[in-house]
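Hi,

Here is the structure I said I would pass on.

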Amino acid sequence: MWIVIGAVPISLSQSLASQPIPNTAIRACGPNCDRQPPPLPTADRIEYLGVYSPDGKYRTTARTDRNNVRGFASSANSSRDWSRPSEVPDFINLHPRERVEENYEPPAHAAKPIKGQSLLASLRDNIVTLVYGRERILLAPHHVTVDSRGRILIVDSGIRAVHVLGNGNSFRIAGGPNRRLRLPNGIAVDAADNIYIVDSERGLVLVYDADGKFLRYIGKRGDETLFHYPTAIAIDRKSGRLFLLDSPRHVLFVLDLEGNILKRVGRPRPHAIGTVSGDTILMDLDNPTEIAIGNNELVVVDSANSRIHVLDLQCQPVAQFSISATPDPPNIDEVGLGVDLTGKIYVSTARDSHIRIYGRDGSLLGSFGQTGTEIGEFNSPAGLWIDGTNRLYVADTNNGRVQVFQLSHD
């Protein structure tokens, strides 16, 4: 099934024929655009594939389970109310789809249970789970990525944790007080599927193996940390280079995977950057908040300047343009960014529910999405990821889910 609205062709799978994306969800230009953008090639299309629901299960159905998204926008500050129906008592285990890596910072540790659960209680929990479904595990998905095993990794700002879902071995790296991970933000994986998590509160990058076991810190020097408030991370898996944004310092750091600084990109502010090794590339960055690698290039959201920088993988400038379709400069944690296999740049913001598509030259090619809970609709989409097969993952933050689309070009 094909839908063409304005200049943006959208291809929908057969499962969506009975529930097409509304006309208002697909726009030829952003709300502040005063000209008609050039039409996309007719071969371009966006196909809905499925959704990681709040309970952590991947579903391909076109029908929205309103029970799965109900109340998420208003429950972001709650403790456990988000995870279960109100009629289910706290003592009943609804069997979440993930094990928990408690991730305590020594000498803190988890308390051992006094005794195991009785057979009768286990039977009761199984029956209640069958009736109500598994416990919801996604509260406010934010940054997202995938690894070489096809697992999806989701930073959940609502519970300060990281979910690793898929392949029958889903788990959660817990964060919060007394844990190594305090405030997870950006996330990336290397060629061995080791997990790198930016901790904005601690000013560190935490590295875990593919099974969620802690390996090491990056940026820790004794009792001090090298970074002030890092927000976003990207890894070039071929070269083993790690790119890290320290937003308040207006700096992009380039490191190896052991944490050695190779380069720093930004304005000359020795008092702000500190004494570190590596070459310096001068660039006018002002509160950069998001970064993505695609098409052998590095793309940076320069938030306070409402600008996109395109760099090569050596951090030499290639292009830059204003993101004028966004009415105000984005704030930290409000922007999602992705680059597809043809070099198109996708930008989402938590302030509206549109995903805007830019050409490498800055031309606004189109946008899709609107506020809602149906397929192709979003509520504050704060994170994007495009994988090596051109699949677009949208962290639909206030709907508590991640939607998946296939981007195609024949």
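Tyr48, Phe368, Phe378 and Phe405 make up one aromatic cluster. Before the details, a word on the model: it is predicted, so local features need pLDDT of at least 70 and side-chain atom pairs count only at pLDDT 80 or more, while totals for chains, interfaces and linings use all residues. Residues are numbered from 1 along each chain as its sequence is written, and side-chain values use heavy atoms, with hydrogens and water left out.

Back to the rings. Rings of Phe, Tyr and Trp (its six-membered ring) pair if their centres lie within 6.5 Å; planes under 30 degrees apart are stacked, over 60 edge-to-face, and the rest tilted. The whole structure has 9 aromatic pairs. One of them is Tyr48 with Phe405, edge-to-face at 5.8 Å centre to centre and 70 degrees between the planes. Tyr48 sits in strand E4 (residues 44-52) and Phe405 in strand E32 (residues 401-409), so this pair ties together parts 357 residues apart in sequence. (Strands, E, are DSSP runs of at least two residues, numbered from the N terminus.) Tyr48 is buried at 4% relative accessibility, and Phe405 is buried at 2%; buried means under 20% relative accessible area, with a 1.4 Å probe and protein chains only.

Phe405 also pairs edge-to-face with Phe368, at 5.7 Å centre to centre and 70 degrees between the planes. Phe368 lies in strand E29 (residues 364-368), 37 residues from Phe405.

Finally, the largest pocket, which holds about 760 Å³ of space. A pocket here is an open set of points on a 1 Å grid over the protein atoms alone where a 1.4 Å probe fits, with protein on both sides within 12 Å along at least five of seven lines; lining residues have an atom within 4 Å of a point. Its volume is the space filled by probe spheres set on those points, which are joined across faces, edges and corners. Of the 37 lining residues, Arg237, Ile293, Trp385, Ile386 and Gly388 lie nearest the centre.

Cheers

Key:
Helix = DSSP H or I, 4+ residues; strand = E, 2+ residues; numbered from the N terminus. Buried < 20%, exposed > 50% of the residue type's maximum accessible area, 1.4 Å probe, protein only.
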